[in-house]
Amino acid sequence: MAGGTGFSSQDAQSDFTKARRGQRRRALLAKIRGGGRPILFLDEVTGALGRTGIRRIGLRSIPIDSIVGTVDRGHGFDGEFRPTTRRVRGRWERIAKATRRGESFPPIDVYRVGTVHFVEDGHHRVSVARQLGHEVIEARVIEIQTRIPPSEIGLTASHYRS
């Protein structure tokens, strides 16, 4: 977990400020240089790959870096799950404060396509976990099978994050 003052409320505020600053910096660099890591949307990916079915996988620990997208377009986070708006601040800081105190949370809900994951529920928890340097997160996983393998178009966690 990232260092701090030992005061969870103050540390959570600092964590949010750092996350927003990082997001604004990355957005500016993306505008200047082009590119960046856009957040992917599940419906666009499965539409392009041809969704053929689903199966429930159940509870798993998944790598934070395998989370590349979302189901919901109005979540308030960028492709690295940094906050893009101050409106998420209150909830974000409450989760960060509780995480720093060692409180546990319910698993997030994700869809898996190949080796990557799309958040249905838990955007704030993913954002906080990523900011605090966590490598894995507990998730309830539903796998989506597709006609075209995601790896054929380079959609793998390792390719997307490099």
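Predicted model: local features only at pLDDT ≥ 70, side-chain atom pairs only at ≥ 80, totals over all residues.
Residues are numbered from 1 along each chain as its sequence is written, and side-chain values use heavy atoms, without hydrogens and water. Local features need pLDDT of at least 70 and side-chain atom pairs pLDDT 80 or more, whereas totals for chains, interfaces and linings use all residues.

The side chains of Arg112 and His117 are joined by a polar contact of 3.0 Å, that is, a pair of N or O atoms within 3.5 Å, one able to donate a hydrogen and the other to accept it; residues adjacent in sequence count only if both atoms are side-chain atoms. Leaving aside residues up to four places away in sequence, Arg112 touches (heavy atoms within 4.5 Å) Ile57, Ile62, His117, Val141, Ile142, Glu143 and Ile144.

Arg112 lies in strand S4 (residues 108-113), strands being DSSP E runs of at least two residues, numbered from the N terminus. S4 belongs to an open sheet of six strands with mixed pairing, ordered S1-S3-S5-S4-S6-S2; strands pair if DSSP finds at least two bridges between them. The edge strands, each pairing on one side only, are S1 (40-41) and S2 (51-63). S2 pairs with S6 (residues 136-146) in the antiparallel sense over 11 bridges, and Pro63 stands opposite Val136 in S6.

Key: Helix = DSSP H or I, 4+ residues; strand = E, 2+ residues; numbered from the N terminus.
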